[in-house]
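Trainee: I have a new model open and would like to learn how to read it. Could we go through it together?

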Amino acid sequence: MKNKLTFAAALLAATVLSGAAGAKTLVYCSEGSPEGFDPALYTAGTTFDASSKPVYNRLVQFEPGTTNTVPGLAESWEISDDGLEVTFKLREGVKFHTTDFFTPSRDFNADDVLFSFNRQLQEDHPYHAYVEGASWEYFNGMSMPDLVKSIEKVDDYTVKFVLNRPEAPFIANLAMDFASIFSKEYADQLSEAGNLSDLNQKPVGTGPFQFVAYQPDAVIRYKAHPDYWNGKQPIDDLVFAITTEASVRQQKLIAGECHITPYPNPADIESLKANEALKVDEQEGLNVGYLAYNTKVAPFDNAQVRKALNMAINKEAILDAVFQGAGQAAKNPIPPTMWSYNDAVEDDAYDPEASKKMLEEAGVSDLSMKVWAMPVQRPYNPNARRMAELIQEDFSKVGVNVEIVSYEWGEYLERSKAEDRDGAVLLGWTGDNGDPDNFLAVLLGCDAVGGSNRAQWCNEEFDGLIQKAKTLSSQEERAELYEEAQLVFKREAPWATIAHSVVHMPMRKEVTGYKMDPLGGHAFEGVDIAE
C-alpha cells in the first residue's frame, strides 16, 4: 500500500508540475478502483466513472445535468409506427483514440455498433465470454436478449434495431453505460494477437478523454482526445487519484491536491461549505439504499420472516447516525422524485415486539445470519459498516445474531450475485435513465436473478406488471402498473428499504462547468479550471 501511495503522490506532483508548464490538469479524488474498463461487464458507478464517462460515447446520451436524451454517436433516429424498428443515422467523421497500443485506420461506423451490441447478444460471438465470468449483467437484467430480435447494418452510417415487442424506455436505455460503443477494428486486432482481455484493461473509445495508464488502487491517467467530435476538452489531462477514505479526500481537496471529490462525510458538509476556497453543489439523489435478503435461502424464503426483520430496523436511528440530515427514510424501491412513486404505500413500522412475535409465529428461533457491508462509500450509503452495526444491534433485540462481513468492492459485487449467498446484503442504486423500469426491472425482475437482483427474487405477479409496463407508450398507463408493482414489493418484502440520500459534491472554487448528474455519475466533459 505504501508503494502505491508513493506512486500516486509522485504522479500527482508530476501532473501539477506539467500543469505549471502550460498543460491544464484536473485531479479527481475518486472513491474506489474500477473493476475494469469495459462498462458493459459491470454495474458499479465507480467503474462507469472511470470507463464509460471519459473514454466512450453511446448512440444517444443524456444532456448534462438532466435525464433528457439527446443525439450522441447517432445524429438522429426514427421509430416505426408499430414500435418494432428503431433506425439510427450515425454521425460521420468520428475519430477513435490513437494510443500507444492502437492506431485506428478508419472512422467510427456501423460495424462498431454491431460489434458493441452483438457481443452481448450472441452467445457464439468471440467476445461474448472474453473475460472469466462475463455475465453482461445490465444487458441481461434489462431483458435485452428477449427484446432485441436483430441488429442490422443498413449501410455504413445507418443501423436498424429490430425488436420483438415495443419497449417504452428503449432510447433512454441506449444512453446508459452498458451501451457504450467500442472499436471493432481494435477488438479484431486484439483477437489476432490473442489478447482479447486487453479490451477490458486498455480501453479505446471515441469519448472526450483517452486512456493513458492505470496503477491499480492508486491512479488513472487520461488525456484530452485531440480529435473529439464534440470539440477538444478545456483541460489537457485528467487524473483519477483513487482515495478510499472520505477524510483523506477532504484533506486533499482543502490542500489543493485534488479539484473535486465525491461522497463527503455527512458530518463534514457544513465545514466544507464554510471554506472560502471551496464550493459544494447538492441535489436530491435519484437513489435508494437497501438490505436485500436472499429469498432463495431459508428462512428468508418466507415473506413473513422478511417482514418481521424489516420491523426490527430502526431507520430513524440509521438516518441520524449514518446520513446526519442528508437523507430520508425509504419505503419504496424507487425514490420519491421519480414518476410513478406510490406514496400510498405504508412503510413497515419499527416495532421490535411485533417483529419478535412474527418470527416466533414463523417458527424461527436462534437465527444466525450474515449482513454484508460495502467497503466503499456510495451516494445511497455513506457508511455501510456503521449501518450494518446498527442493524446488527437492532436484530439482536429480536433474538437474531448477526455477523458482519465485507470484501473488496469488486469481489463484494461479484460474490453478492450468487444465488446461494448467505444472509442479507447492503447495496443500493442510483437511477441510470430516469425511468422506473431501471429500478424495478433491473433490481427486482426475474431476468435479473443471479445478477443485479441481489434478493434473487422472482415473483410472477410483480414481474408480469413491470414487463407489461415496458410495452406501453402512455406514461400514465405505465405509472398505474408500477404503482401496483410497488404494493406487491412491499407485501413480499424482498428488501428492507433503508434510505434515499441528498448528494453533495465539493470542489475547488476554480472548477467551472461541472454539472451534477441526477443519475449519479461523475463526468468531466466541458469542465474547466479558471486561471
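Mentor: Gladly! Buried means under 20% relative accessible area, exposed over 50%, and partly exposed in between (1.4 Å probe, protein chains only). Helices (H or I, at least four residues) and strands (E, at least two) are DSSP runs, numbered from the N terminus. This is a predicted model, where local features need pLDDT of at least 70, side-chain atom pairs count only at pLDDT 80 or more, and totals for chains, interfaces and linings use all residues. Residues are numbered from 1 along each chain as its sequence is written, and side-chain values use heavy atoms, leaving out hydrogens and water.

Trainee: Which residues of helix α8 are buried?
Mentor: Helix α8 covers residues 184–193. An α-helix has 3.6 residues a turn, so residues three or four places apart point the same way. The buried residues of α8 are Tyr-186, Ala-187 and Leu-190.

Trainee: Why do the buried residues of α8 line one face?
Mentor: Look down the axis of α8 and take the directions from the axis to the C-beta atoms. The buried residues line one face because they fall within an arc of 100°.

Trainee: What do the buried residues of α8 pack against?
Mentor: Contact means heavy atoms within 4.5 Å. The partner of these buried residues is a helix, residues 110–121, called α4.

Trainee: Which cysteines does a disulfide join?
Mentor: A disulfide is a pair of cysteine sulfur atoms within 2.5 Å. A search of the whole structure finds one. With S to S at 2.0 Å, the pair is Cys-446 and Cys-458.

Trainee: Is Cys-258 buried or exposed?
Mentor: Its relative accessibility is 0%. Therefore Cys-258 counts as buried.
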